Amino acid sequence: MIKIGKPYIEKNGNLTYLKAVVDNEGEGRKITLFYAVENLYSQYLCHETADAFVLPMLLRAVVSGQDIQIDAPLSEKLYHNLTHSVMYILRFAHQKKSGIENRAIPQIKCNGTINLNFRGEAIGTGCSLGVDGFHVIKSYIFENKEFPTYKPTHLACFNVGAFGSDNTDGTRQSFYNEFEKLQGFSQRFNLPIVLVDTNIHEFYPEHEFNWSASYLNIGCVLSLQKLWNRYLYASGFSLENLMFDFDSSCKSDPYSCPHLSTESVEIVSVDMDKPRSEKVRDIMNDPLCREYLNVCLREQAVNNGIRDRRQSNYNNCGYCEKCLRTILQLDIYGVLDDYKNTFDISRWNFWKPRFLARVIAYRKDDPMYEDILNTIPPEYHIPMFSRLYSKIYKPFNAIRKKITTR
């Protein structure tokens with residue numbers, strides 16, 4: 001059984017904490033889970049329901065085969081959707097991945113339900129300034145004329161794994177360093193940034209942010225239900241790639257986001273109609289994008305214990321997976337030189353044939369790779385090395401992984 005205690009609020013210095021004791025009996029983890037915000041936003045923390053605490057525990061319940069018992073109410077809308085839809089989908093996705101059949105769907109038992117609308121007025125969206133997030137900002141803030149009630153009034157930054165999968169000082173420092181970078185952007189447009197720090201990492205030792213990202217981020221949103229009226233959640237995949245994949249929660253965002261809404265906060269998965277390549281094309285000529293675009297996984301890798309092979313003063317290291325993927329797309333579109341101050345492209349000539357080989361080899365396994373290849377025009381040069389190496393890339397990579405994990 002996963003037991004979630006009654007939420008309560010506690011102030012400490014410049015921060016206010018929304019806390020609840022979570023006892024994961026089946027996996028032997030008991031901690032006081034918290035969401036921390038600046039005192040400016042303390043009045044918006046929602047202690048009346050346990051909504052913010054149940055979302056991060058859903059995947060743990062499915063993986064460990066445990067029910068969830070909550071010593072507090074849940075929002076009626078969320079409780080309905082979790083028990084009649086979301087838990088079924090998560091069990092289905094986990095069964096497909098693990099091969100474990102006939103395991104019961106974890107049950108959620110709460111201390112009643114509440115049907116409240118806290119009537120928050122803010123419209124929020126994330127401020128990672130990656131391709132997806134930047135596209136939402138451009139579409140819904142700078143160019144939004146059709147949907148005024150969807151125009152964000154606040155930007156948000158959550159410490160739930162993008163800066164490192166462990167609850168360490170290094171991860172937290174990276175989180176606050178990122179906030180300092182984002183302030184310059186937000187102040188130019190008079191958009192406040194809402195920070196939410198958390199120790200949810202304690203329950204996710206797998207170091208795989210992708211599989212839990214959506215539920216952890218939306219948990220942060222629901223911790224501030226009294227602030228938000230609507231929250232725009234940037235879709236990582238287009239609708240044509242919608243699937244219930246337990247390794248990547250964002251592939252099912254168009255389905256899951258509405259089902260994680262409450263009476264107070266509407267969670268909207270936006271830009272579902274656009275593949276990543278189209279988003280890059282939409283934002284690539286924007287001077288702000290050339291200045292602020294940040295897709296890099298360097299901080300996450302370093303805080304997860306992976307050796308930083310190259311120190312860099314650029315926003316983007318130029319050699320992690322997300323950097324290489326974005327650089328390749330910019331190169332295909334012929335605008336890479338415009339980003340020479342944003343990405344470290346000093347070794348792109350070395351990485352290009354090797355990364356292209358990977359993209360070709362895994363195009364059927366990764367919809368983003370398939371998307372990139374579909375944008376390559378006939379005149380774009382694909383080195384012969386890439387074509388040849390792609391034929392042996394997958395078996396060679398499998399052998400290399402076996403050797404390195406011994």
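Two strands are said to pair if DSSP finds at least two bridges between them, and the strands themselves (E, at least two residues), like the helices (H or I, at least four residues), are DSSP runs numbered from the N terminus. What we have here is a predicted model, in which local features need pLDDT of at least 70 and side-chain atom pairs count only at pLDDT 80 or more, while totals for chains, interfaces and linings use all residues. Residues are numbered from 1 along each chain as its sequence is written, and side-chain values use heavy atoms, with hydrogens and water left out.

Let me begin with strand E3. Strand E2, residues 8–12, pairs with E3 in the antiparallel sense over five bridges, and within that pairing Tyr-8 stands opposite Lys-19 of E3. The hairpin made by E2 and E3 has two residues between the strands, and Gly-13 in the turn has a positive phi of about 65 degrees. Strand E4, residues 29–38, is also antiparallel to E3, joined by ten bridges, and here Asn-24 has Arg-29 as its bridge partner in E4.

How many of the ten residues of strand E3 are buried? Eight are, so the strand, residues 15–24, is largely enclosed by the rest of the structure; buried means under 20% relative accessible area, exposed over 50%, and partly exposed in between, with a 1.4 Å probe and protein chains only.

Now to Asp-247, which lies in the loop between strand E12 (228–234) and helix H6 (253–259). Asp-247 is partly exposed, at a relative accessible area of 41%. Although Asp-247 and Lys-97 are 150 residues apart in sequence, their C-alpha atoms are 8.1 Å apart in space.
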